[in-house]
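This report is meant for a reader who is meeting the structure for the first time.

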Amino acid sequence: MNYGYFDSAAREYVITRPDTPTPWINYLGSGGYSAIISNCAGGMSFHKDANYRRVTRYRFNNIPVDRPGKYIYLRDMDSGEYWSPSWQPVMKSLDAYECRHGMGYTKIKGAYSGINVETTYFIPVGKDYELWVVKIKNNSMEERNLKIFTYIEFSWHEALRDTICDWPRKLFDAQFMDDFIVFDPMVEGEPLFSYFGTSLDIEGYDCSRDRYLGNYRSESNPIAVERGECSNTGIVSDNACGGLCCPLKLSGGEEKTAVFVLGVSECKETAGIKGKKALNMDAIENDFLELKQSWAEFMSGMKFNVPDRDINLMLNTWNQYQCKTTFDWSRFISFYERGVDRGIGFRDSMQDVLGVMHAIPDKAKARIIELLSIQYKRGDVMSVYYPATKKAHGGGRSDDHLWSAFSVCTYIRETGDVQFLNELVPFYDGGEGTVLEHLENGIKFTMDHLGSHGMPLMLKGDWNDTIISMNKDGGAESVFVFFQLGHAVKELILLYKQYGFEDNLKWANGIYDYCKSKMDGIWDGKWFIRAFNSKGEKYGSSEDEYNKIFLNPQSWAVLSGLPSKEQAAAALDSVREYLNTDSGVMANYPATSRFDPEQKLYFWNPAGWGENGGIFNHTNTWAIIAETMMRRNEYAFEYYKNILPPKRNDIAELCMVEPYVYCQSMNSIQHANPGIANNSWLTGTVSWMFFAVSQYIAGIRPDYDGLIIDPCIPAEWDNVEVERIFRGTHFKISIKNKAGKTGRIEKLIVDRAIIDGHKVPVDYFKGKKTVEVIAEL
């Protein structure tokens, strides 16, 4: 069953029925004032930081689901009937319904009793407020006497305490001032006043949640809407809401537009002034056009035309859109992440920059600097930081600090800005060092924390935090982090060779040689083991009853370049034999069904779910890259297609999550309920998948001294067109495969001249606005 379709021309996903299996959401804003909104107008708003600067409430894992939100009610004053044009929260069956999630905006249409309503929710670029632009049309020939009611529920600024404690509401103060409801949550630190108002004449208002909803009622049947009037009450020390009542008369066939604004202000006295300025209709129309143009510009840096509609949809719109969302919010706030404990994660965000590097390299660079600033001098890092407070917590994991090398090298490849290595960045425990010192200190930290088998110690986690119980007694070693170390050092070796850093190169080569010397101890005959536990026992070995083989050590072995060609091929063949399914590659096999560390059963999550033998999509991206590096085009393409989100569109009742974005994982055939997808939107899958497809399947890959054209496309693709802006030059690239080959390109033609190899040198295109490239297989 499907619940909608893609409108590729409009860059929108269109939801045609409101009762989606889970709330299908969209993000408004770009990292400043932002919001989440579902297809039924559920959601919340926050300013810069979802935990420490929350604006409105949202109840996770709640019954009824997806409450509260950004609600509009219509009441027919003659019949007394009322409804929600977004279906929720009244849930009265509508005569027509449609939700369009677009780039940074959502439009919800609902028709009932001859009244058509279209509400467009969006946040203007760079502004600290959101707009609800509501068009109401009377489709009958009779005059209609209506009232519009609204509902939002204000939150204390610190979401965690607001969620688990009752006392924050005792601080609340909400009053109707200068035609706006102004909410004062008594913020600690930087002031945060919220305001809510409208372009319509206001007949009544409620700042009190309980007066508006009524005792023992909910958003589905507010007493104010049922009675047709608000109580005109402010509040002190109680739960606060934004309830407005606005009369609206429409003659037959008439349409009117109303605007509602919700925003934040640093000063209570100027909140109303800001709100009135935001309600200027001419400015609103321009703001919406500017928003759409900003997203078009963001996506203009890379365009694709391949012989597959679903792939074009993802590469040209939804994958890039989701990359920007994960860049903005890491794993901080979504329908699944509550915005109270994840913050901006070091390991997460250091990977997220890969998906936006081509489009916003300056912002990616700034994020890298922010992340490096929570690194200790000794090389390890804190796990997360919060944008509002700049406070960090966590840390002590074995993998976090090793993600930095590849992200910095990717930035330099994209921009040529090698001087970035010399920029000074603070250490979290005082002092400062160059970017390069931060990278090398991370490598040194790992080399200073090796176990008895010469592998990096697992410490408090190694990306797969769900198996940390194997390190209960200390001393467990991670083979995955060993290959991650090899990959990071390999990247630095290539950097040092390119720029002549001879002393650094000698140091890095020594570590890489050390890694090569340890390969025999982790090879299990057909694949690489996963770890050594605290007892020194192999884990992820053919000798194990469960968890014999893990995906990550096999893919990262290839990425690191450490194994022989024969080992690499055998490891990837084992992945296909034991882990591959039609829905994606499983994380490990056989999954464990119980938790028993004494029996090497370390997972606390069910068999076939997430990291325990589920289809963890993040890991699939590395398998795709590994297969392209081995020139196994068809396998790479198969893995890519198997987890492509539009594939889920017609089985949405099974998969449950949005078919227009990647999710973190899907239950595999090892689970009692296979096919259910989990945790959409904020996942490392997004950036790595765009990186894998654009740079390894399409093969358009920036390098320090040029642009590599090295496609690894399936034989069925006879032609691929890619436009790519690289260091200010617009590349128009045609990949010709008329013979249906899967090998490397045989001829590279640049501006009608044949050049050797697979790279267009910087010296060739420097200063040129446009370069045309034909790559013939």
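A search of the whole structure, which is a predicted model, finds 56 salt bridges. In general terms, side chains of opposite charge can pair when their charged atoms come close.

One of these salt bridges joins the side chains of Asp-703 and Arg-413, at 3.4 Å from N to O. Because Asp-703 belongs to strand S37 (residues 700-703) and Arg-413 to helix H9 (residues 404-415), the pair ties together parts that are 290 residues apart in sequence. Asp-703 counts as buried at 14% relative accessibility, and Arg-413 counts as buried at 11%.

A further salt bridge is formed by Asp-544 with Lys-600, whose closest N and O atoms are 2.5 Å apart. Asp-544 lies in the loop between strand S29 (538-539) and strand S30 (549-550), while Lys-600 lies in the loop between strand S33 (588-589) and S34, so the pair ties together parts that are 56 residues apart in sequence. Both Asp-544 and Lys-600 are buried.

| Salt bridge | N to O distance |
|---|---|
| Asp-703 and Arg-413 | 3.4 Å |
| Asp-544 and Lys-600 | 2.5 Å |
| Arg-309 and Asp-310 | 3.4 Å |

Salt bridges also link up into a network, which connects Asp-7, Glu-12, Glu-98, Arg-100, Lys-109 and Glu-118.

Charged groups are also found over aromatic rings: the charged end of Lys-92 sits over the ring of Tyr-82, 5.8 Å from its centre, and Arg-576 lies over the face of Tyr-635, at 3.7 Å from the ring centre.

How many aromatic pairs does the structure contain? The count comes to 63 aromatic pairs. One of them is the edge-to-face pair of Phe-6 and Tyr-13, with 4.9 Å centre to centre and 80 degrees between the planes. Phe-6 counts as buried at 9% relative accessibility, and Tyr-13 is likewise buried, with a relative accessible area of 0%.

The rings of Trp-463 and Phe-616 have centres 5.4 Å apart and planes at 85 degrees, so this pair is edge-to-face. Since Trp-463 lies in the loop between helix H10 (435-447) and strand S27 (477-478), and Phe-616 in strand S34, the pair ties together parts that are 153 residues apart in sequence. At 10% relative accessibility Trp-463 counts as buried, as does Phe-616 at 5%.

An aromatic cluster includes Phe-6 and Tyr-13, and among its other members are Trp-24, Trp-295, Tyr-660 and Trp-681.

Strand S34 (residues 615-616) pairs with strand S35 (residues 663-666) in the antiparallel sense over 2 bridges. S35 pairs in turn with strand S36 (residues 677-680), again in the antiparallel sense, over 3 bridges, and in S36 the bridge partner of Cys-663 is Ser-680.

Helix H4 (residues 271-278) has Ala-271, Gly-272, Gly-275 and Ala-278 buried. Seen down the axis of H4, these buried residues fall within an arc of 125 degrees, so they line one face of the helix. On the other side of H4, Ile-273 and Lys-277 are exposed. The cover over the buried residues of H4 includes strand S12 (129-138), strand S15 (180-184), strand S16 (193-198), strand S20 (255-265) and helix H5 (281-298).

Key: Residues are numbered from 1 along each chain as its sequence is written. This is a predicted model: local features need pLDDT of at least 70, side-chain atom pairs count only at pLDDT 80 or more; totals for chains, interfaces and linings use all residues. Side-chain values use heavy atoms; hydrogens and water are left out. Buried means under 20% relative accessible area, exposed over 50%, partly exposed in between (1.4 Å probe, protein chains only). Helices (H or I, at least four residues) and strands (E, at least two) are DSSP runs, numbered from the N terminus. The arc is that of the directions from the helix axis to the C-beta atoms. Contact means heavy atoms within 4.5 Å. Two strands pair if DSSP finds at least two bridges between them. Rings of Phe, Tyr and Trp (its six-membered ring) pair if their centres lie within 6.5 Å; planes under 30 degrees apart count as stacked, over 60 as edge-to-face and the rest as tilted. A charge sits over a ring if NZ of Lys or CZ of Arg is within 6 Å of the ring centre and within 35 degrees of the ring normal. A salt bridge is a side-chain nitrogen of Lys or Arg within 4 Å of a carboxyl oxygen of Asp or Glu.
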